[in-house]
Amino acid sequence: MSVDKGLNIMAISGSLRTDSSNTSILKLLQTTVPQHNFWLYDGVDKLPHFNPVLDTEQAPLEVQNLRNAITEADGIIICTPEYAFGVPGSLKNMLDWTVSSGSLVDKPVALITASSVGENAHASLLKTLEVLTANIVENGTLLVPFIRAKMNSENQITDAQTEQDVQNVLKALLSAIS
Ligand SMILES: Cc1cc2nc3c(=O)[nH]c(=O)nc-3n(C[C@H](O)[C@H](O)[C@H](O)COP(=O)(O)O)c2cc1C
């Protein structure tokens with residue numbers, strides 16, 4: 001991914017659903033920073049299942065692309081639901097591919113968990129990001145429960161406080177990397 005303007009912000013949704021509220025939040029945030037290269041990573045579902053045997057510098061191409069994208073990003077924002085009281089498997093799979101490469105070490109990261117409840121996934125992700133020694137930026141984490149009740153059928157946020165809160169998370173990330 002080439003950086004042609006502003007800061008390079010990699011946005012990662014933990015939901016693969018076409019009408020995902022989490023992806024919609026990231027798309028909303030994208031519209032608020034046209035001066036920056038805020039882009040949505042679309043490779044979560046293209047990564048192979050994590051396998052330590054393949055976890056080398058010659059890892060599968062999609063894994064190499066992921067690692068390069070993270071390395072080149074000035075900051076990362078993750079927005080995810082919770083599944084079965086945990087982190088969506090596809091997102092955890094992606095994070096597992098970054099352990100040995102150290103791609104997330106000191107990388108400024110913001111995290112939004114937007115779900116029905118979401119507490120377990122949020123806590124679990126924070127722990128994983130801490131273990132990966134990512135730089136979880138100050139004021140850069142947010143748990144949004146009852147997300148579906150805060151969006152309309154067109155996936156627009158209808159709750160003013162939530163809209164403000166998600167924008168504040170992006171502001172926190174931007175101020176950490178500017
Ligand atoms: C299989 C499955 C399991 C779920 N488990 C949880 C859960 O444990 N906790 C929770 O808060 N929401 C749970 N949900 C609800 C999702 O968080 C909710 O549908 C959310 O809007 C999905 O995010 P998305 O709109 O970005 O796809 C579950 C949904 C599915 C499909």
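Mentor: Two strands pair if DSSP finds at least two bridges between them. Strands (E, at least two residues) and helices (H or I, at least four) are DSSP runs, numbered from the N terminus. The model is predicted, so local features need pLDDT of at least 70 and side-chain atom pairs pLDDT 80 or more, while totals for chains, interfaces and linings use all residues. Residues are numbered from 1 along each chain as its sequence is written, and side-chain values use heavy atoms, without hydrogens and water.

Trainee: What is the order of the strands in the open sheet?

Mentor: The sheet has five strands with parallel pairing. β2 (37-40) and β5 (135-144) are the edge strands, each pairing on one side only. Read across the sheet, the order is β2-β1-β3-β4-β5.

Trainee: Which residue of β3 is the bridge partner of methionine 10?

Mentor: Strand β1 (residues 8-13) pairs with β3 in the parallel sense over five bridges. On the β2 side, four bridges join β1 to β2, and isoleucine 9 has phenylalanine 38 as its partner there. In β3, the partner of methionine 10 is isoleucine 76.

Trainee: How many residues of strand β3 are buried?

Mentor: Buried means under 20% relative accessible area, exposed over 50%, and partly exposed in between (1.4 Å probe, protein chains only). In a regular strand the side chains alternate between the two faces of the sheet. In β3, Gly75, Ile77 and Cys79 point one way and Ile76, Ile78 and Thr80 the other, and all are buried. The count for residues 75-80 is six of six.

Trainee: Which helix makes a β-α-β unit with β3 and β4?

Mentor: A crossover is right-handed if, with the strands pointing away from the viewer, the path from the first strand over the helix to the second runs clockwise. β1, α1 and β2 make one such right-handed unit. Between β3 and β4, the helix of the right-handed unit is α3 (residues 89-96).

Trainee: What covers the buried residues of α3?

Mentor: The buried residues of α3 are Leu91, Asn93, Met94 and Leu95. Contact means heavy atoms within 4.5 Å. The cover includes β1, α2 (61-72), β3 and α4.

Trainee: At what angle does helix α4 run to β5?

Mentor: Helix α4 (residues 119-131) lies across β3, β4 and β5. Helix α1 lies across β1, β2, β3 and β4, at about 165° to β2. For α4 and β5 the angle is about 170°.

Trainee: How far apart are the axes of helix α1 and helix α5?

Mentor: Two packed helices are described by the angle between their axes and the distance between the axes. α1 (residues 21-32) and α5 (residues 160-177) pack at about 65°. Their axes are apart by 10 Å.

Trainee: Which residues of α1 and α5 make the contact?

Mentor: The crossing of α1 past α5 is right-handed, meaning that the near helix is turned clockwise from the far one by less than a right angle. The contact residues divide into five nonpolar, two polar and one charged. They are Ile25, Leu28, Leu29 and Thr32 of α1, and Glu163, Val166, Gln167 and Leu170 of α5.

Trainee: Is lysine 27 buried or exposed, or in between?

Mentor: Lysine 27 lies in helix α1. Its C-alpha atom is separated by 9.0 Å from that of alanine 11, 16 residues apart along the chain. Because its relative accessible area is 47%, lysine 27 counts as partly exposed.

Trainee: What is the phi of alanine 84?

Mentor: Most residues other than glycine have a negative phi. Alanine 84 is in the loop between β3 and α3, and it is exposed because its relative accessibility is 82%. Its phi is positive, near 50°.

Methods:
Axes fitted to C-alpha atoms, helices over the stretch in contact; angles between N-to-C directions. Nonpolar A, V, L, I, M, F, W, Y, C, P; charged D, E, K, R; others polar.
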